[in-house]
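Hi,

Here is the structure I said I would pass on.

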Amino acid sequence: MADINLKGMGVALVTPFTNDESVDYDALGRLVDYQLQNGTDYLVVLGTTAETPTLTEDEKKQITDFVVSKVRGRIPVVLGVGGNCTRSVVEKLKTDSFRGIDAILSVVPYYNKPSQEGIYQHYKAVAGATRLPVILYNVPGRTGVNMTADTTLRIAREFKNVVAVKEASGNITQMDDIIKNKPANFNVISGDDGITFPLITLGAIGVISVIGNAFPREFSRMTRLALSGDYASARVIHHSFTELFDLLFVDGNPAGVKSMLNAMGYLENKLRLPLVPTRITTFEKIRTVLNDLNIRC
């Protein structure tokens, strides 16, 4: 198993679409370049923010190959590989090509609402199906079930290629419990932009970010300052984004960050159903905040 450095800010890339809802590879290329030039430590492809449930298998493969080719090994690329059928996830891990992929991000199975033992057995099968490093992804607001600290720690201790958890439970006590009791080769990554700063002060190693799509330079700087122990400087940047953190998710993800990127001229404000763009009122609030932050609109 190859080592991967997940310290810092990873960005969960959006999938740009043209007005006819086809994948906009020109915009995706611009966005990847923007990340590479502005301090992003690694990219996450085909996560929640990519609207992955609305993409065809061919589109998923083409997007992955495009990003890998564009990055050219300059920073790590993490690929989202998850689902609520363990057998299908295992088959994909065993048969697909993962050329240029440095790790996988695998979400807790959704909709089925498995027990904690079911979650453990699922990740046991996932860990055994790949030689790549595995990042667990706990996001109960989307999956319908929380992976407890005990289950996370059990998996972390038993499977050496499970190297981290992206924690988006919103439960700071649970995250702190994992950080306190984790093995040395396992790390906690924030799954929520708004709690990245406080979570790093507790011992997290960074964030897989949504807002980093639009503000890679600023948010990666905040993350690095916090990791270096300069909490006062990091806090200033954290507080400058407080209003945007709220606006980012008020109409759902990635509607908020796509509207920001549209206001900044990077892509069309287009999503695939059942997702729709932010309301006009939200969009205007975002434009106002961007202007206040002196971001080009």
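In helix α4, the buried residues are I119, Y120, H122, Y123, V126 and A127. These cover an arc of only 160° around the axis, so they sit on the same side of α4. An α-helix has 3.6 residues a turn, so residues three or four places apart point the same way. Before you read further, do keep in mind that this is a predicted model.

What do the buried residues of α4 pack against? Their partners are α3, β4, β5, α6 (149-158) and β6 (162-167). As for geometry, α4 has 13 residues and reaches 18 Å from its first C-alpha to its last, close to the 18 Å expected at 1.5 Å a residue.

**The strands**

Is it buried or exposed? With 5 of the 5 residues of β4 (residues 103-107) buried, the strand is largely enclosed by the rest of the structure. Both of its faces are covered: A103, L105 and V107 are buried on one side, and I104 and S106 on the other.

β4 has a parallel partner in β3 (residues 77-80), with 3 bridges between the two.

The chain crosses from β4 to β5 by way of α4 (residues 116-128), in a right-handed β-α-β crossover.

Going back to β3, V77 and L79 point one way and V78 and G80 the other way, and all of them are buried. β3 is joined to β2 (residues 42-45) by 3 bridges, and these two strands run parallel. V44 is the residue opposite V78 in β3. The chain crosses from β2 to β3 through helix α2 (residues 57-71), and that β-α-β crossover is right-handed.

**The cores**

In soluble globular proteins, nonpolar side chains tend to be buried together. In this model the largest nonpolar core has 84 residues, and V67, L136, F215 and L244 touch the most other members. Setting aside residues up to four places away in sequence, V67 touches L13, L28, V32, L43 and V45. There is also a second, separate core of 18 residues, with A103, V107, A168 and I208 among them.

**Helices α9 and α11**

α9 (residues 216-227) has 12 residues and should span 16 Å at 1.5 Å a residue; its end C-alpha atoms are 16 Å apart, which agrees. Its buried residues are P216, F219, S220, M222, T223, L225 and A226. Which elements cover them? They include β1 (8-12), α1 (25-36), α8 (196-202), β8 (206-209), α10 (231-240) and α11 (242-249). Just after α9, G229 takes a positive phi of about 90°, in case you are going through the backbone torsions.

α11 has L244, F245, L247 and L248 buried. These pack against α9, α10, α12 (255-263) and α13 (280-292).

Last, K92, which lies in helix α3. Leaving out neighbours within four places in sequence, K92 is in contact with E57, V81 and F98. K92 and A129 are 37 residues apart in sequence, while their C-alpha atoms are 8.9 Å apart in space.

Cheers

Technical notes
Residues numbered from 1 in each chain as written. Predicted model: local features only at pLDDT ≥ 70, side-chain atom pairs only at ≥ 80, totals over all residues. Heavy atoms only, no water. Buried < 20%, exposed > 50% of the residue type's maximum accessible area, 1.4 Å probe, protein only. Helix = DSSP H or I, 4+ residues; strand = E, 2+ residues; numbered from the N terminus. Pairing = 2+ DSSP bridges. Right-handed = clockwise from strand over helix to strand, strands pointing away. Core = buried A, V, L, I, M, F, W, Y, C linked by side-chain atoms within 4.5 Å. Contact = heavy atoms within 4.5 Å. Expected span 1.5 Å × (residues − 1). Arc of directions from axis to C-beta.
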